[in-house]
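Thanks for asking me to look this over. Here are my comments as numbered points, to be read with the structure open beside you.

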Amino acid sequence: MTTPATPSRVLVLNSGSSSVKYQLLDMTDSSRLAVGLVERIGEETSRLKHTPLATGGEPREQTGPIADHAAALKAVSEELAKDGLGLDSPELAAIGHRVVHGGLKFSAPTVITEEVMAEIERLVPVAPLHNPANITGIRTAQSLRPDLPQVAVFDTAFHTTMPEHAARYAIDIETADAHRIRRYGFHGTSHAYVSRETAKLLGKDPSEVNVIVLHLGNGASASAVRGGVCVDTSMGLTPLEGLVMGTRSGDIDPAVTFHLERVAGMSTDEIDTLLNKKSGLVGLCGDNDMREIRRRIEAGDQRAALAFDIYIHRLKKYIGAYYAVLGKVDAVAFTAGVGENAAPVREAAVLGLEELGLAVDGELNAVRSDAPRLISPEYARVAVAVVPTDEELEIATQTYALVRSSEGASGTGA
């Protein structure tokens with residue numbers, strides 16, 4: 001009698017307030033079988049774009065109203081089924097969910113139970129834009145496959161290793177503890193993956209390498225990683241703190257909020273919207289696309305040039321700060337949409353830091369590639385790298401490892 005093959009596929013879901021990103025991966029070789037996106041959920045103009053990579057088929061797209069996340073995942077399941085990859089497949093081992101905020105309780109991927117869900121819900125006040133959508137995605141997936149392990153992989157988990165002196169704010173400690181006010185950090189799956197891949201690029205074990213990771217997308221964050229362990233990161237209680245971002249202000253004097261309330265008569269919600277959605281690059285120059293900002297700079301636009309300079313100034317400050325935190329730096333790694341594709345950002349961020357051992361080779365920096373690569377000259381004491389992030393693979397890897405270890409522990413594994 002032939003022993004059935006162990007299920008090896010993982011569906012990764014990233015549920016936003018009005019969208020669902022998904023990837024189906026085969027963990028025997030980490031290959032992608034299908035990828036897709038459902039956007040504008042709840043609107044008449046909803047859109048699902050699905051690409052069946054396993055069959056080499058052309059991308060398929062459908063438009064029309066998709067009422068809610070349940071309808072969205074049902075549509076995703078139908079698209080996958082057309083390629084023989086449906087959610088009812090016995091080869092599906094688990095569903096891995098990106099959950100933005102796990103607080104201090106979750107420092108590792110976690111099989112989702114009702115107790116876990118209750119804790120994710122308790123964290124909604126510190127992640128009001130993200131955790132509710134993550135919860136909706138989990139509940140919907142549970143209803144479609146109640147028999148399948150569902151795993152939460154938390155954006156904050158990688159940063160739970162920060163020492164107290166890095167994680168604490170200097171406010172009344174009883175008030176902070178009562179309301180869970182501390183620095184949690186985000187983009188953790190990306191920082192974990194990129195720091196590990198950077199060590200591999202250098203031919204070393206992560207435990208031997210100190211890396212400053214710069215995750216630069218519309219949301220942006222930096223981290224100081226010592227020997228594979230995060231010791232500091234730029235985002236805080238929420239994803240608002242830290243670097244200048246596409247629409248977020250990053251670091252700001254807290255008294256600005258009091259001033260806007262007292263002098264401008266703005267409400268808390270209006271200030272929240274200003275700092276999260278109408279600030280950063282878009283607030284400074286009206287654009288949050290770095291390609292457009294660079295085009296405007298080349299055309300002589302002074303406002304775009306100022307926005308770029310402010311962005312780089314903040315970035316450079318964090319590189320210097322994390323250099324001081326780590327004491328010794330082996331590499332600075334750029335990742336995410338801007339970090340991977342905007343050569344002028346990488347060049348400007350390192351310019352003037354030669355005394356710290358940092359430099360960029362112009363020709364290497366100009367190369368566009370999907371592969372991890374060094375862009376520093378051979379003489380540089382500190383490697384400067386471009387390392388494409390892969391948060392979905394990281395979530396799938398953590399999910400699959402947890403499910404397999406759980407099977408082994410329960411005696412049900414192969």
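1. Which strands does helix α6 lie across, and at about what angle does it run to β9? Please keep in mind that this is a predicted model. Helix α6, residues 188-201, lies across β9 (210-216), β10, β12 (331-335), β13 and β14 (383-386). Its direction makes about 130 degrees with that of β9.

2. Those strands belong to an open sheet of 6 strands with mixed pairing, and the order is β11-β10-β9-β12-β14-β13. The edges are taken by β11 (229-233) and β13 (373-374); each has a single partner strand, so one side of each has no neighbour in the sheet. For β11, the pairing is with strand β10 (residues 220-226), in the antiparallel sense and over 4 bridges. If you want a place to look, R226 stands opposite V229 in β11.

3. Two helix partners of α11 come up in the next points.

4. How is a pair of packed helices described? The description uses the angle between the two axes and the distance between them. For helix α10 (residues 290-298) and helix α11 (residues 302-326), the angle is about 125 degrees and the axes are 8 Å apart. That angle makes α10 oblique to α11. The crossing of α10 past α11 is left-handed. On the α10 side the contact is made by M290, I293, R294, R296 and I297, and on the α11 side by R303, A304, A305, F308 and Y311. By class, the residues of this contact are 7 nonpolar and 3 charged, with no polar ones.

5. From α11 the contact takes F308, Y311, I312, L315, K316 and I319, and from α13 it takes P344, V345, A348 and A349. The contact of α11 with α13 counts 9 nonpolar residues and 1 charged residue, and no polar ones.

6. Is N210 buried or exposed? This residue is found in strand β9. N210 has a relative accessible area of 10%, and because under 20% counts as buried, N210 is buried. Leaving out residues up to four places away in sequence, N210 touches V225, R226, G227, L326, K328, V329, D330 and A331. N210 and V332 are 122 residues apart in sequence, yet their C-alpha atoms are 8.9 Å apart in space.

7. Now for the other sheet. Here 8 strands form an open sheet with mixed pairing, in the order β5-β4-β3-β2-β1-β6-β8-β7. At its edges stand β5 (60-63) and β7 (110-111), each with a single partner strand, so one side of each is left without a neighbour in the sheet. Helix α1 (residues 69-82) packs on this sheet and touches β1, β2 (20-26), β3 (31-39), β4 (47-51) and β5. The direction of α1 makes about 30 degrees with that of β4.

Technical notes. Residues are numbered from 1 along each chain as its sequence is written. This is a predicted model: local features need pLDDT of at least 70, side-chain atom pairs count only at pLDDT 80 or more; totals for chains, interfaces and linings use all residues. Side-chain values use heavy atoms; hydrogens and water are left out. Two strands pair if DSSP finds at least two bridges between them. Contact means heavy atoms within 4.5 Å. Axes are lines fitted to C-alpha atoms, for helices over the stretch in contact, and angles run from 0 to 180 degrees between N-to-C directions. Angles under 35 degrees count as roughly parallel, over 145 as roughly antiparallel, 65 to 115 as roughly perpendicular and the rest as oblique. A crossing is left-handed if the near helix is turned anticlockwise from the far one by less than a right angle, and right-handed if clockwise. Ala, Val, Leu, Ile, Met, Phe, Trp, Tyr, Cys and Pro count as nonpolar, Asp, Glu, Lys and Arg as charged, and the others, Gly among them, as polar. Buried means under 20% relative accessible area, exposed over 50%, partly exposed in between (1.4 Å probe, protein chains only).
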